Amino acid sequence: MTLIPFRFFPERPNFQIVGRRRFAYLFSGSAMIAALALTFLIGLNLGIDFRGGSLIETRFKSPPSISDLRNTVDNLGLGEVTIQEFGNPTDILIRIQRQPGAVEDQTKAIKTVTDALGQEVEIRRTEFIGPTVGQELKEAGAIAVLLSLIGIVAYIWFRFEWQFAVAGIAALVHDVIITIGLFAVTGWEFNLATIAALLTIAGYSINDTVVVFDRVRENLRRFKQEPLPALLNRSVNDTLSRTVMTSLTTIIALFALAIFGGEVIRDFTYALIWGVVIGTYSSIFVASCFLLFFRDVRYMQPSVNKADISAANTE
Amino acid sequence: MLYVEKWKALLIGLICVLGLVYTSPNLWKDNGVDVSSNIPAWLPHKTLSLGLDLQGGAHLLAEVEIEAGIKQRAAAFEDTVRSALRGSGIRRSSPERLGTAVRFRTLDPADAGRAADLIQEADRTAEVTVGENGSITVGFKAEDAAELRTKILSQVIEIIRIRIDELGTKEPIIQRQGDNRVVIQVPGYDDSAKLKNIIGTTAQLNFRLVDANADPSSFIPRPGFDLLPAKDARSGQLPKYVVKTSPTVAGDLLVDSQPSFQDNRPVVSFRFNGEGARRFLDLTGKHIGQPLAIVLDNQVISAPTIQSAIGANGIITGQFSVAETQDLALLLRSGALPAPIQFLQESTVGPSLGRDSVEAGKLASVIAFVAVAAFMVFSYGLFGIFAALALVFNAGLILGILSALQATLTLPGIAGIVLTIGMAVDANVLIFERVREELASGQSVVSAIDGGYRRALSSIIDSQVTTLIAAVILFAMGSGPIRGFSVTLTIGIVTSLFTAIWVTRLMVVTWLRAGTRRKTLPI
């Protein structure tokens, strides 16, 4: 049996990436500014997890007319109600905004709508989140994102020099901001699952970046005379095929999930796919270029790589 | 040198097999075979424990208004004051409620001390404070108040448990959360409206006399009388009633309650304990011919006319359906909640959506698995096959650990597994790329493999630890289905490190030793 492995990259790739970093700066800089501006101008489409409100997923025997449905539901006097197809034409998702008044009124909204829809309709899922819980979830989500950013930075600081930690966190913040901007532009619902996706994106993106940094550190020891830009470029190229290969396998798996995994987690999967793309981009184009801001990386004492030693000892 | 000691090889093999063994019960279950009877006793039996989003069911988060419960209990101090001072000749203002205490004034401040003593004697647990100008406050002792809170909360939980158990559902989870919250999970039950009705109704029942002379429409509040709404003002029922504040007989004296019929109409029958029977007989015997209001949570269910004196056994009539009498009987049997509760959050998933999600998740996982494995073989040839095999053991370990620990698998949890499948091969990609590099720099086959595994290790660990940090924080902060994502992601990261490094290494070494003098690597 002979299997001929397919190579996606030349054996020794030598793309001029660090040399053309101005393009990356320009692109990333404007994307971040745009993302921030759009997030503040348009705002995020906060899900009921954070805003409070109700949600009903229904299945009709035959595709209903959305405008008829809208009329029916609008007449119930529940305020802003959004109705959308969910996955296929017979499935409808109804979102009801937070009701004014006591908690009693909130929980009655679901029953009001399901009663109005009649017996023929299958209620597949209902959800209600009160304003108190919404607020708590919002805070917990923000704390979770902050804590993981801090945790990741602390780890990189511990394993590398502080310059790497700064460059790593810059790439990370870049990914998170642009992802949030994407949610603002597309109007995708920003909910608890999105927070989970953001954390995963953060973890994934820094994972890629760390591999590049690991190589930078190694090359700093091996090529003591090489100018920093060339050395960084060499490191990025050395790890390029790995970075892209891993992203490809992850994206393959995520696409399977997006296509076959059902409607409920589709948005979550899209966010993850986007995160892999932006994380890969930032690891290649942003993180290592950012190290150039610290010219003294070149002259610092390369720290001893503990994992290398322990690995050598086990042999 | 490239060598894996025998005991290490055995250990690696053993762990992989254990993963598959612990996963196996799930396979029998899928084919509709009864797990417990067909598997030998020494093999594991535990199957994956599915979250509510996958098996269907209701999840409720309720807040117990403990403060209101304490206030309710404080109302008893009014009676204490009245009965303690009855016949003492002390003239006083009528007691007023003040938060969780009751306050009144003796008209002659000199009586205050004696009044306080009398009250203290009547109720040793009360905190009686004498203020200026004969004002006396009766409340709970500080240490009792804290205890009362815990007691109210645990009583609420106990009553909720009784009520849910009566619904006949399997394995409901009722848990205290924080100081005043209760989480209720009922698998396989998706009628949240009924569930909330059963759990959330305080069910405080009492019987009070109706003032037939008063006109509810022009009622002016006056002491000793209350204006109460009818529970549901259907045809033929008055929308409001004027009822006397006392005497009353309360529902906490009931010992049993059952749905029943009278004249072919659904009613609820009840039975009082000894004291209840005595008081009810007293109340009904003295007021034959007068309407008696049956009041549930300050709403009048009905107000039938008392035909004769009634003792232990009675019935509640009203505009009931059969289902309503069943629910009301259940509520009365379980007793009233000592404090009202409010629902902060609820979610229900119907069985069909849960099934669809499981099917979709399975399909997506299998396709992701096959696609990633194919891609690895395509890119790395024989070594890709090693990586794909490692992926099988990885999946076995994840599912085996989930089954053995009975960790809840949710839909986002399935997403976590799929994501892990994609990322698990990362370690192999790192190693294989490194091996290629070493080969390109002119190393021999053996030292290229050796160097590849050794040098990739630091990158692998650094990169996985960062993802692990995010996953662990997500676990700590997250709740519900999202927490399931962090569970599978965390397990997946750890198992994939093991399979991608040690399992593939064992396979590569075995392959190297099986062939004589391999000169080239199919990578």
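**Entry: one buried serine**

Before I start counting neighbours, I note the cut-off: a residue is buried if 20 or more other C-beta atoms lie within 10 Å of its own, and exposed if 12 or fewer do. I looked up B:Ser357 and found 27 C-beta neighbours inside 10 Å, so B:Ser357 counts as buried. B:Ser357 sits in helix 11 of chain B, which covers residues 351-405. What does B:Ser357 touch, leaving out residues up to four places away in sequence? I got A:Gly262 and A:Val264 from chain A, plus B:Asp53, B:Leu54 and B:Leu411 from chain B. I also checked B:Ile414, which is 57 residues from B:Ser357 along the chain; their C-alpha atoms are separated by 9.6 Å.

The predictor gives the complex an ipTM of 0.85 and a pTM of 0.82. Chain A has a mean pLDDT of 84, with 90% of its residues at 70 or more. For chain B I read an average of 86, and 96% of the residues score at least 70.

Which element of chain A has the lowest mean pLDDT? I found helix 10 (residues 306-314) of chain A there, at 42, while helix 1 (residues 21-41) of chain A has the highest, at 92. Over residues 301-315 of chain A, pLDDT stays under 50, and the model has 16 contacts beyond four places in sequence for that stretch. Where pLDDT is low, the predicted coordinates should not be read in detail. I left that stretch alone.

I took helix 7 (residues 192-222) and helix 8 (residues 228-260) of chain A next; their axes come within 9 Å and cross at roughly 135°. That makes helix 7 of chain A oblique to helix 8 of chain A. The crossing of the two is right-handed. On the helix 7 side, the residues making the contact include A:Asp208, A:Val212, A:Arg215 and A:Asn219. On the helix 8 side, I listed A:Leu231, A:Arg234, A:Asp238 and A:Arg242 among them.

Then I followed helix 8 of chain A to helix 9 (residues 266-290) of chain A: the angle is about 175°, with the axes 10 Å apart. That makes helix 8 of chain A roughly antiparallel to helix 9 of chain A.

**Entry: a helix pair in chain B**

Helix 13 (residues 445-477) and helix 14 (residues 480-514) of chain B pack at an angle of about 170°, their axes 9 Å apart. The two are therefore roughly antiparallel to each other.

**Entry: one face of helix 5 of chain B**

Helix 5 of chain B runs over residues 76-85, and its buried residues are B:Phe77, B:Val81, B:Ala84 and B:Leu85. Seen down the helix axis they fall within an arc of 85°, so they line one face of the helix. An α-helix has 3.6 residues a turn, so residues three or four places apart point the same way. The buried residues of helix 5 of chain B pack against helix 4, helix 6, strand 4, strand 5 and strand 6 of chain B. After helix 5 of chain B comes B:Gly87, with a positive phi near 80°.

**Entry: positive phi without glycine**

I found B:Asn133 with phi near 55°, positive though the residue is not a glycine. B:Asn133 is in the loop between strand 5 and strand 6 of chain B. Buried or exposed? B:Asn133 counts as exposed, with 8 C-beta neighbours inside 10 Å.

B:Asp263, not a glycine either, has a positive phi of about 50°. B:Asp263 lies in the loop between strand 12 and strand 13 of chain B, and its 6 C-beta neighbours inside 10 Å make it exposed.

Definitions and conventions. Residues numbered from 1 in each chain as written. Chains lettered and ligands numbered in written order. Predicted model: local features only at pLDDT ≥ 70, side-chain atom pairs only at ≥ 80, totals over all residues. Helix = DSSP H or I, 4+ residues; strand = E, 2+ residues; numbered from the N terminus. Arc of directions from axis to C-beta. Contact = placed C-beta atoms within 7 Å. pLDDT = per-residue confidence, 0-100. Axes fitted to C-alpha atoms, helices over the stretch in contact; angles between N-to-C directions. Parallel < 35°, antiparallel > 145°, perpendicular 65-115°, else oblique. Left-handed = near helix turned anticlockwise from the far one by under 90°.
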